[in-house]
Amino acid sequence: MKALCWAGINEVAVEEVPDPTILNRQDAIVRVTASSVCGSDLHLLDGYVPTMMAGDVIGHEFLGEVAEVGPDVRERRVGERVTVCSIIGCGRCRYCRSQMWSLCDNTNPDPGFLEALNGHATAGIFGYSHAMGGFAGSHAEYVRVPYADVNAFPVPDAVPDAGAVFASDAVPTGWMGADMGGVGPGDVVAVWGCGGVGQMAAKAAYLMGAERVIAIDRFPERLAMAAGRVGAEPLNYEETDVLEALKEATGGRGPDVCIEAVGMESHGTGGQYAYDRVKQALRLQTDRGLSLRQAIQACRKGGTVAVLGVFLGFVDKFPMGALMNKGLTLRSGQQHGHRYIPMILDRMAKGEIDASFLLTHPMPLEEGAKGYELFKHKLDGCVRAVFQPARTT
Amino acid sequence: MRLKRDLAVAALAAGGTAVAVRYGRARRRRAARRGAAWYVVTVEADPAELSGTGRPDALAGLSERHEVRISAAPGGRGCEIAVRDADGAARRRLREIKQLLETGEVLRVDDQPEGHRTPVGRVALPVARTLMRRGAR
Ligand SMILES: NC(=O)c1ccc[n+]([C@@H]2O[C@H](COP(=O)([O-])OP(=O)(O)OC[C@H]3O[C@@H](n4cnc5c(N)ncnc54)[C@H](O)[C@@H]3O)[C@@H](O)[C@H]2O)c1
Ligand SMILES: [Zn+2]
Ligand SMILES: [Zn+2]
């Protein structure tokens with residue numbers, strides 16, 4: 001079959017690879033109908049995630065049709081249309097049972113790297129390096145899904161592919177940000193990053209009762225999308241001083257909940273950004289923490305900062321003093337998608353959540369390299385490029 | 001050109017691994033000073049299932065080569081299986097036992113689709129996997 005492989009830093013290529021097979025009795029093989037790029041892939045492309053090897057099939061946010069099931073699959077049926085969570089859970093360990101699926105104990109068979117780095121290993125993720133389990137990704141015609149009964153979710157007919165594909169990753173991640181923030185009626189929420197994740201966090205915040213959501217980015221078309229499609233108040237950090245603007249907009253209090261949806265490659269202006277870039281390039285710090293610092297600085301006293309952006313190692317100049325003295329709550333995690341996906345699909349079917357507008361660039365799989373080029377540099381208004389293996393043009 | 005890039009990628013992976021290994025080593029040194037030599041995992045299982053003749057074969061096998069201690073975990077969190085002086089292979093076996101008990105299978109990640117591996121990658125990947133599969137102490 002054809003698959004999009006990581007070939008080196010900032011290099012991906014469509015290659016002919018062997019078809020996946022059922023390796024465990026609870027596996028299913030899913031024929032991929034749509035597979036999206038995600039901001040997390042940019043950290044792979046840019047070489048910040050160690051243990052990537054040329055030849056690794058990437059992609060983790062996807063939708064497909066069950067093509068084959070292993071002998072111990074009980075619920076999923078061949079032919080079913082399914083959204084598969086980007087994070088792989090086992091459904092049986094203490095963490096999965098407690099709805100903390102991305103902390104699953106059993107889905108990373110090669111945990112040594114993460115154990116040594118972080119103290120413990122976390123769940124496997126499709127197409128996300130050998131440290132994260134070494135699972136082949138979804139930018140392919142077929143993908144193997146372990147523990148298919150718990151990781152693949154049937155999609156209601158009323159939900160189009162264009163929305164359902166994002167129920168795998170961007171929507172539940174955004175939802176989790178607002179959920180971790182404990183967003184409730186009357187809250188003012190600020191979201192850093194207007195990618196798919198940030199926009200869906202803003203949407204979730206409104207659905208949880210937030211009175212105002214302020215969305216921060218620098219790309220006018222993304223800010224316009226967050227405003228037009230989600231109803232957020234756009235804030236361009238290249239044109240305005242974010243901290244001042246947020247104080248002004250919140251009567252001096254600061255946002256009740258700050259959601260960081262940018263991650264370790266935060267962009268910025270001024271000296272702090274230059275400092276971060278140099279230190280990251282020299283590997284003196286692994287991650288750039290500009291938007292994270294800003295979220296902590298901006299947050300109201302006693303508020304909550306929810307970090308959705310992916311960080312992998314160490315951030316310099318972490319404002320521990322602000323966190324401590326303002327009595328902030330800091331929450332984070334890879335998404336516990338399984339906890340939210342059925343509810344999200346249900347809301348999509350009822351028209352309460354629409355994510356289809358994030359899909360700016362549908363493409364055949366063959367154009368994978370171009371899709372990442374557009375997405376990485378945010379060219380041509382690209383918010384998410386989605387590869388459809390059956391598509392020809 | 002290609003080789004240069006491969007080496008750069010390998011160096012990056014090696015750099016990350018070196019950091020991880022350094023942390024692991026420091027921890028092991030600390031552990032050695034304390035004299036701690038038990039590797040322990042918590043399993044969602046009834047301690048009664050894991051003792052006596054009805055215990056899983058894999059656990060029986062592990063007990064032949066290592067001292068194994070089983071105790072109830074606090075808060076109804078199943079039980080703790082501790083293995084004394086567990087080497088890499090024993091740590092791997094113990095995690096596999098946990099997986100088997102909890103999920104009914106040992107998850108495989110070898111033999112998946114993959115694209116073109118570089119000569120460096122072909123050598124490095126199985127080594128990296130073997131090392132990571134042992135887990136850290
Ligand atoms: N926690 C999870 O499970 C999970 C899941 C999916 C994605 N993510 C992470 O979420 C982050 C966003 O993902 P995405 O797909 O939306 O990515 P994306 O690249 O589409 O969007 C990121 C946005 O952040 C903006 N940005 C950069 N620096 C900024 C700054 N200083 N202030 C405000 N905005 C800034 C960029 O302009 C861009 O629009 C990534 O780090 C990704 O890895 C996490
Ligand atoms: Zn993602
Ligand atoms: Zn689990």
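Predicted model: local features only at pLDDT ≥ 70, side-chain atom pairs only at ≥ 80, totals over all residues.

Biologist: Great, metals to begin with. Which residues coordinate the zinc ion (ligand 3)?
Modeller: Four cysteines of chain A do that through their SG atoms: A:Cys90, A:Cys93, A:Cys96 and A:Cys104, at 2.3 to 2.4 Å. Along the chain, these donors follow the spacing C-x2-C-x2-C-x7-C. Two of them, A:Cys93 and A:Cys104, are 11 residues apart, and the pair links distant parts of the chain. A:Cys93 lies in the loop between β7 (87–88) and α2 (94–97) of chain A, while A:Cys104 lies in the loop between α2 and α3 (112–118).

Biologist: And what is the geometry of that site?
Modeller: The site of the zinc ion (ligand 3) is tetrahedral, with angles of 102 to 117° among its 4 donor atoms. For reference, the ideal angle for four tetrahedral donors is 109.5 degrees.

Biologist: Are those two cysteines, A:Cys93 and A:Cys104, buried or exposed, and why?
Modeller: A:Cys93 counts as buried because its relative accessible area is 0%. A:Cys104 is at 1% relative accessibility, so this residue counts as buried too. The cut-off for buried is under 20%.

Biologist: Which side chain does B:Glu102 join in a polar contact?
Modeller: That would be the side chain of A:Asn106, with a polar contact of 2.7 Å. B:Glu102 itself sits in helix α3 (residues 88–103) of chain B, and it counts as buried because its relative accessibility is 8%.

Biologist: OK, back to metals. What coordinates the zinc ion (ligand 2)?
Modeller: Here the donors are A:Cys38 (SG), A:His60 (NE2) and A:Asp169 (OD), at 2.0 to 2.3 Å. Their spacing in sequence is C-x21-H-x108-D. A:His60 is in the loop between β4 (56–57) and β5 (61–69) of chain A, and A:Asp169 is in the loop between α5 (161–164) and α6 (170–180), 109 residues apart. Both A:His60 and A:Asp169 are buried.

Biologist: Let's switch to ligand 1. How many residues surround it?
Modeller: There are 32 residues around ligand 1, and the closest are A:Ser40, A:Asp217, A:His267, A:Gln335 and A:Lys378. In chain A, α1 (39–45), α7 (196–207) and β12 (212–217) each supply at least two residues of that shell. The largest share, 4 residues, comes from α1(A).

Biologist: Last topic: what is the secondary structure of chain B?
Modeller: Chain B has 4 helices and 3 strands, running α-β-α-β-β-α-α from the N terminus on. Of its 137 residues, 39% are buried. Chain B exposes about 7700 Å², with carbon and sulfur atoms supplying 54% of it.

Notes: Residues numbered from 1 in each chain as written. Chains lettered and ligands numbered in written order. Heavy atoms only, no water. Donors = N, O, S within 2.8 Å, 3.2 Å for Na, K, Ca; no water. Tetrahedral: all angles 85-135°; square planar, octahedral: opposite > 155°, others 65-115°. Buried < 20%, exposed > 50% of the residue type's maximum accessible area, 1.4 Å probe, protein only. Polar contact = N/O pair within 3.5 Å; in protein donor to acceptor, adjacent residues only side chain to side chain. Near = heavy atom within 4 Å. Areas by Shrake-Rupley, 256 points an atom, 1.4 Å probe, with all protein chains shown as cover.
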